[in-house]
Amino acid sequence: MPIAERTAAARTVVAVSERLILTRPQQGDAAAMFAVHGDPETNRYNPHGPQRDIGQAQEQLDGFTADWVRDGVGYCAVSTREDPEVIIGFAGLHLFELDGERALNLYYRFRPSAWGKGYAAEAARAAIAEALPRIPGVPVVALIRPDNLPSRRLAERLGLVPDPDGRVDQEERLIHRMA
């Protein structure tokens, strides 16, 4: 049985790319959530800092799973096709309101061991391709701290451009929009 099919038996597969499998987060993912979001290195540009405990990871996970139930889109757990049991990060699109309009926020955060391999770009492209047909006409945005140059470069490679007026959100993050 192919890896994607074995994974599908245990998790809800959202998208499969050349090297990755994106699945809906599920209740057993709190430890993986904390491994990614509790790591100080993955939170270098996060003004709130890393998660302090598994309880915070569970709260975030509960939000991720609720988004899928409510909106039919959301952030995904990301694994490699070679090792589908190990979550290496989270990526996807979350439906929210920005400046009084609906938008899809593009998000990607991976374990440092997964950095430098192109996984964030690959996962983001797969998530965008899957979400846009589900919610047509809603713009894709990325909210990125001005000093987070790696994330800004990735967003631009994915086709998102900074707001020409330099607008920011309530947390002073630059608003990048799909061109």
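Where is the place of Ala 35? Ala 35 sits in helix H2, residues 30-37. With 30% relative accessibility, Ala 35 counts as partly exposed, since buried means under 20% relative accessible area, exposed over 50%, and partly exposed is in between (1.4 Å probe, protein chains only). Ala 57 comes 22 residues away along the chain, and its C-alpha atom is separated from that of Ala 35 by 8.9 Å.

A quick word on what you're looking at: this is a predicted model, in which local features need pLDDT of at least 70 and side-chain atom pairs count only at pLDDT 80 or more, while totals for chains, interfaces and linings use all residues. Residues are numbered from 1 along each chain as its sequence is written, and side-chain values use heavy atoms, with hydrogens and water left out.

**The overall picture**

The chain has five helices and eight strands. These are DSSP runs numbered from the N terminus (helices H or I, at least four residues; strands E, at least two). Follow the sequence along and you get the pattern α-β-β-α-α-β-β-β-α-β-α-β-β.

How does the chain fit the idea of a compact globule? For 179 residues, such a globule would have a radius of gyration near 16 Å, and the chain agrees with its 15 Å. That radius is taken over C-alpha atoms, and the globule rule is 2.2 Å times the number of residues to the power 0.38. The C-alpha trace spans about 50 × 35 × 30 Å along its principal axes.

Buried residues account for 46% of the 179 residues. Take the contacts (heavy atoms within 4.5 Å) between residues at least 6 apart in sequence: 56% of them join residues at least 24 apart. The accessible surface comes to about 9000 Å², with 51% of it belonging to carbon and sulfur atoms; the areas come from the Shrake-Rupley method with a 1.4 Å probe.

**Rings that meet**

There are four aromatic pairs in the structure. Rings of Phe, Tyr and Trp (its six-membered ring) pair if their centres lie within 6.5 Å; planes under 30 degrees apart count as stacked, over 60 as edge-to-face and the rest as tilted. One of the pairs is Phe 64 with Tyr 107, an edge-to-face pair with 6.2 Å centre to centre and 75° between the planes. This pair links distant parts of the chain, with Phe 64 in helix H3 (residues 54-71) and Tyr 107 in strand S5 (residues 101-110), 43 residues apart. Both Phe 64 and Tyr 107 are buried. Ring pairs also link Phe 64, Tyr 75, Phe 90 and Tyr 107 into a cluster.

Most residues other than glycine have a negative phi.

| Residue | Phi | Place |

Asp 99 is exposed, because its relative accessible area is 52%.

Is Glu 122 buried or exposed? Glu 122 is buried, with a relative accessible area of 13%. Glu 122 belongs to helix H4 (residues 119-131). Leaving aside residues up to four places away in sequence, Glu 122 touches Ser 17, Glu 18, Arg 19 and Leu 20.
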